[in-house]
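Below, some structural labels are put to the test. Each one is set against the rule behind it.

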Amino acid sequence: MIQHRSRATTLASLLVLLVLAVLSVLAVLPPTPVAADAPADEFSADRAFEHVEVIGAEVHPHGTPAADRVREYIVDELDAMGLDPEVTEGTGLTGRLGGRAQAAGVQNVVATVEGTDSTGPIFLMAHYDSAEVSHGANDDGAGVSTLLESARAILAADAPRNDLVLVFTDAEEACLCGAEAFADSDPRAADGGIVLNFEARGSSGPAVMFETSPGNADLVAQYATVPYPVGSSLAVEVYRILPNDTDFSPFLDAGGFTGLNAAYIDGSAAYHAPQDQPETMNLASLQHHGSNTLALARALGDADAAALATPSAHDSTYFPLPGGVLAQYPGWLVWPLAVLALVAVGALGFTTARRTETGPGRLALGFGAALLPIVLTAVGAQLFWMLLVAIRPGYGEMLDPWHPWGFRIALLGLVAVIVTGWFVLLRRRLGAPALTFGALGWLAVLGVVLAAFTPGGSYLAALPALAGAVAGVVALLLTDSRGRTAAVAVGAAVAIVVLVPVVVLFFPALGLATGAAPALFAALLGLALVPVLADALPLARRAGGVLVGACGAVAVVALGAGFALDGFTAEKPEPTQLMYAMDADTGEAMWVSGEGSPSPWTSQFVDEQTEISEDFPAVHGEVWTGPAEAADLPAPTAEIVADETSGDERTLTLTVFPERTVRYVEAVAENVTAATIEGREVAVADGHLDISYAAPGDEGFELVVTVPAGEAFDVRLLGGGEGLESLPGFEPRPETVGVKGSHTSELVLVATSQTF
Ligand SMILES: [Zn+2]
């Protein structure tokens, strides 16, 4: 009877944990789209999607007639709402990307929803330009349509207290230049304020609040009031490490601003690619973006904006919980919790040694053994991706396959095989108490390491370790087996609630190409669940075998499903990357590809790996190249407007003409002591000038350089433009071969050297 009851308790606790895991997944999934006939003061994805269909109708990079049309559409829509939109012109200049200074003439659209008694501006921002080969329906039609629909809903209700300034930026993809120009010189931004930026790096998934300004506690508390908060303080830390940038960055660089940055990031195969079209957009993701944006705009619209525009004394630790709740606690608690977890695991070891036959020696062995599944998971996840690329080489150019879910589940199955296999094999030798101690011990150690290096991520290891260890001590002190099972379940529940969302969010964030990261968090979850395994898994060898076998079966079936679901098709093609580079002075030309290992289609153009950055500074590192016919394309030219020597300085004023329609003109020179582009000063380090100007018109742009008196100015000029498909020798792509979503895809470079 007791046996029976305790088995029922075990089953009940497993069921509760399973339900909790499902709820934790649901907590980070986007909500159902709201229909177009919803009340006027609500955000409707169906209504917002009407904007997406216009914005994403054609490829519209900065400086193109298509971008002009999108801008005019935004102006018309704002006009129709009764706002008074303004198109502001200026020159943006950023130096964030690889040491090259990048400038662009920009036209931002700005409109203000006037507050009743404003305490400071809230800037709501999204960019209206697309990437070079992309329709930009998601990136950033999602952000633009979210702002338009939110503004409409706000105007349908009582006016907010604070001014809400809508900023639709230009040239984000080129150089973040619209945002930079606004932060640098728009009078509305002169006194700083709160910036909310809205992006999409893919076509689906939850809208994640992934970046904050430093000292984020007060703003995170505001964000916690939105209906579907999805964000983790770990993401903020990870994003600070990654080289990615959005329009948010120039505001952080400028200083005086606080803010939040949100994007949906799954479905990254469409990111910057020709497939980023309205039909690929997941409306649930748009609804998620919109529901949260509208709620946040209303909350901040009525808050004390002046106080929130000042950084808080600390960063928050925060993460999503089931039921639309955002857990948050102040950053100063990170270290005490990490240390407490370590102490609790120590107490667990002590109690284990006192209460069981497991002595200190065996506990130490358990600790050493628990490193095994962590290492095996990291190695296994990387091998898993190599296997996928070996079977389908096109994945090598992707962050994630078009349909990654089968592969994600397969990888989770592999992690489960590793953790359960490790437990089943070592349980007989070392005993479950030693393995439990080892597993929780590594979580506690990791909690301390993370507290030192990425404090926002410490909770992921420290909280499960703390809860698991306390539960373990309680279980050891209890004599009733049902009580022990319940205690262990409570400890495991904390681990599930904390770790499941981050596993779900990390897959799209880093992609299967870097699947080791989510896999490692899954392995940590597995380790935190070791006490449950120890409690629930019968000792019989067969039971262990069945469990490991079941995990393996899930992995194999999911892998098969992944491949079956994800063949390359005309709609979801294999991405390829091809460029063309010609030296106009010598007439020598070549095909260039940045692919790691050229696809069959790309291989007909390129055959050797070389470095060409000396002649074509825009192309960094080793690339694949092959001979090409010279094309009848002009290089950019510079003409002297003024040449003055005063003292030991010679200052040249040049106009640089693109001579054809280009994405940008780049100018590279040595021996330069100072430079300005369109009147903006460019940083020159060690005499090296490297500057690009995005989409100059026929009238060109002004470049002023200073060199030592009596010396020549030698400049390398490159024009990077379109027209790859009409070059001599180009072979059209087969139906299932597509264009990779990158800023250099289909780029046609023509270079020349000039001396003045
Ligand atoms: Zn974008």
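Q: What makes strand β3 (residues 122–127) largely enclosed by the rest of the structure?
A: In this predicted model, 6 of the 6 residues of β3 are buried, so the strand is largely enclosed. To count as buried, a residue must have under 20% relative accessible area.

Q: Which residues show that both faces of β3 are covered?
A: Ile 122, Leu 124 and Ala 126 lie on one side, and Phe 123, Met 125 and His 127 on the other; all are buried.

Q: How do you know that β3 pairs with strand β4 (residues 164–169)?
A: Pairing requires at least two bridges. β3 and β4 are joined by 6 bridges and run parallel, so by that rule they pair. Leu 124, for instance, has Leu 166 of β4 as its bridge partner. Between the two strands the chain passes through helix α4 (residues 141–155), and this β-α-β crossover is right-handed.

Q: What joins β3 to strand β5 (residues 193–200)?
A: There are 4 bridges between them, and the strands run parallel. Here Met 125 stands opposite Asn 197 of β5.

Q: Why is the arrangement around the zinc ion called irregular?
A: The zinc ion is coordinated by His 127 (NE2), by Asp 139 (OD) and by Glu 199 (OE) and Glu 199 (OE), at 1.9 to 2.6 Å. The 4 donor atoms subtend angles of 53 to 143 degrees, so the arrangement is irregular. A tetrahedral label would need all angles between 85 and 135 degrees. For comparison, the ideal angle for four tetrahedral donors is 109.5 degrees.

Q: Why can Asp 139 and Glu 199 be said to tie together separate parts of the chain?
A: Asp 139 is in the loop between β3 and α4, whereas Glu 199 is in strand β5, so the pair links parts that are 60 residues apart in sequence. Along the chain, the donors follow the spacing H-x11-D-x59-E.

Q: Are Asp 139 and Glu 199 buried or exposed?
A: Both are buried, so each falls under the 20% cut-off.

Terms used: Residues are numbered from 1 along each chain as its sequence is written. This is a predicted model: local features need pLDDT of at least 70, side-chain atom pairs count only at pLDDT 80 or more; totals for chains, interfaces and linings use all residues. Side-chain values use heavy atoms; hydrogens and water are left out. Buried means under 20% relative accessible area, exposed over 50%, partly exposed in between (1.4 Å probe, protein chains only). A crossover is right-handed if, with the strands pointing away from the viewer, the path from the first strand over the helix to the second runs clockwise. Donors are N, O and S atoms within 2.8 Å of the metal (3.2 Å for Na, K and Ca); water is not among the atoms, so sites may look incomplete. Four donors count as tetrahedral if all angles lie between 85 and 135 degrees; four count as square planar and six as octahedral if opposite donors are over 155 degrees apart and all others between 65 and 115; anything else is irregular.
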